[in-house]
Amino acid sequence: MSQFSIVEAIRERAQAGATALVQKDRSLTYQELFTRCDDLAAQIRPHLASTPGRTDRLRIGVHFPSCLDYVPLALATLAAGACFVPIPDELAEEEKRELLTRTALDLVLVIEAAAAWLPDNAQNLGRLEVNGQGVLITRIPPMPDTGFPRDAFEALNPAFIRFSSGTTGKSKGVLLSHESLLQRITAANEGLRIGPGDRILWVLPMAHHFAVSIVLYLYHGATTIIEETHLGEDLLRAGAEQKATVMYGSPVHYRQLVEAPDLASWSTLRLAVATAAALDATTAEKFRTRFGRNLVQGLGIIELGLPVLNQSGAVEAPEAIGLPLPAYECLLKDENGQEPPQGDPGEICLRGPGMFDAYLDPWLPRAQVVDAQGWFATGDLGRRDSAGRVFICGRKKTLINVGGMKVFPEEVEAVLDAHPKVQRSLVEARLHPLYGEVPVARYIASPEGAPTAMELRNHLRAHLAGYKIPLMFSAVPELPLTASGKLKRA
């Protein structure tokens, strides 16, 4: 009996003549998409079969630019019978090679012009043509005694591996099965309600969001409009000209969009979702004023998908991540494992369908990660308002304890970043002989020059309690970031 395949599930539901993908003057119908997918899969499949003595599913890394052609290539790895592993282009060469080792990759599909990072012993097996670009099929020699759990891996019907952002320590390889992918995109769509009539303006990197977002859009028969730049005027023009009905992006995209020149009228938009970073109330209000639609914040998390969405509170509480979608439950736990009083922080714990199947490195099946009741502890600290809506306070690991008083770095950073002479900041803990810990800040100054420490303290004092104000401020040329652009904390 053949195993369930998310690719075949999409194929069975697709309307052949409907438009699946658009990028400027190029487009693919669902029939054309699967024709390309099948052609590429046919070229990949013999290289999987030529690996002797293997009974587990091979893993294929895909290193390709975010564009229309990424989609049939990624689907082809799954259709060929492999597990798809995106390799983000923005990673440093050393990070890409580390990903090869930690994922125990068998093959890599890499655009010829970007193959210099591959190890010297990688073997070139062939070449694919993807819209005129040469893509090398390379074999990665197996590492000795890696301890990769091949039997347990294969038993899960694996579809996708993606490493988390690693904002607080070493990132984990998150493994999703074909079945889990289906469960989470079905559960998420109870809130998004995307269907064949929707046209989604796509602005996020494929390597970070493909296996959940793009798969969701394809499964529900929508059209994905791929925008090449992130400039506000380009987003506005694309949304208006392509008659987009949905936008799913980060607050950065929306900040640029609300400030864009008034060069087009985007009247077809019905849903705008902000994720990947904290949404500020100013941007939400500007968006609502300009477009007549609420900007809805959601909690996107690779372990669960989109379990929480702020649909009902987008006006009165735009900075909340909201309430759990119907298929999910959300619990806050204090240090004693109990739900804290309203307004007090607790760790956000979630439960529902489509949860990840295992962590890859080190190998940890889901059952060993969740608690006895099936709750997954996210590591995020949150609080509830009177309506039950959840607000993220910060990360549990980054909480700074100043003489028993709790400081969330993210809260301080948000105020610092609002100073006109600060582009971006990072607040961390430093040991202190009296208070145990105190906050200190690094920041990137604006082009017109750095503020004085007194200017920053006065600015912070107007918005925050004294114990939250950093003891020291340091101007730096850059801050450490993860591959997805989040602050990387010690």
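In which sense do strands β12 and β13 pair, and over how many bridges? Strand β12 (residues 246–249) runs parallel to β13, and 4 bridges join them; two strands pair if DSSP finds at least two bridges between them. One of these links has G249 with A274 of β13 as its bridge partner. Strand β13 covers residues 271–274, with L271 and V273 pointing one way and A272 and A274 the other way, and all are buried (under 20% relative accessible area, with a 1.4 Å probe and protein chains only).

Before going on, keep in mind that this is a predicted model: local features need pLDDT of at least 70, side-chain atom pairs count only at pLDDT 80 or more, and totals for chains, interfaces and linings use all residues. Residues are numbered from 1 along each chain as its sequence is written, and side-chain values use heavy atoms, leaving out hydrogens and water.

Now for the whole chain. Its secondary structure comes to 12 helices and 27 strands, which are DSSP runs (H or I of at least four residues for helices, E of at least two for strands) numbered from the N terminus. The radius of gyration is 23 Å, close to the 23 Å that the globule rule gives for 490 residues, so the chain is as compact as a globular protein of that length; the radius is taken over C-alpha atoms, and the rule is 2.2 Å times the number of residues to the power 0.38. Along its principal axes, the C-alpha trace spans about 65 × 55 × 45 Å. Of the 490 residues, 53% count as buried.

Key: Buried means under 20% relative accessible area, exposed over 50%, partly exposed in between (1.4 Å probe, protein chains only).
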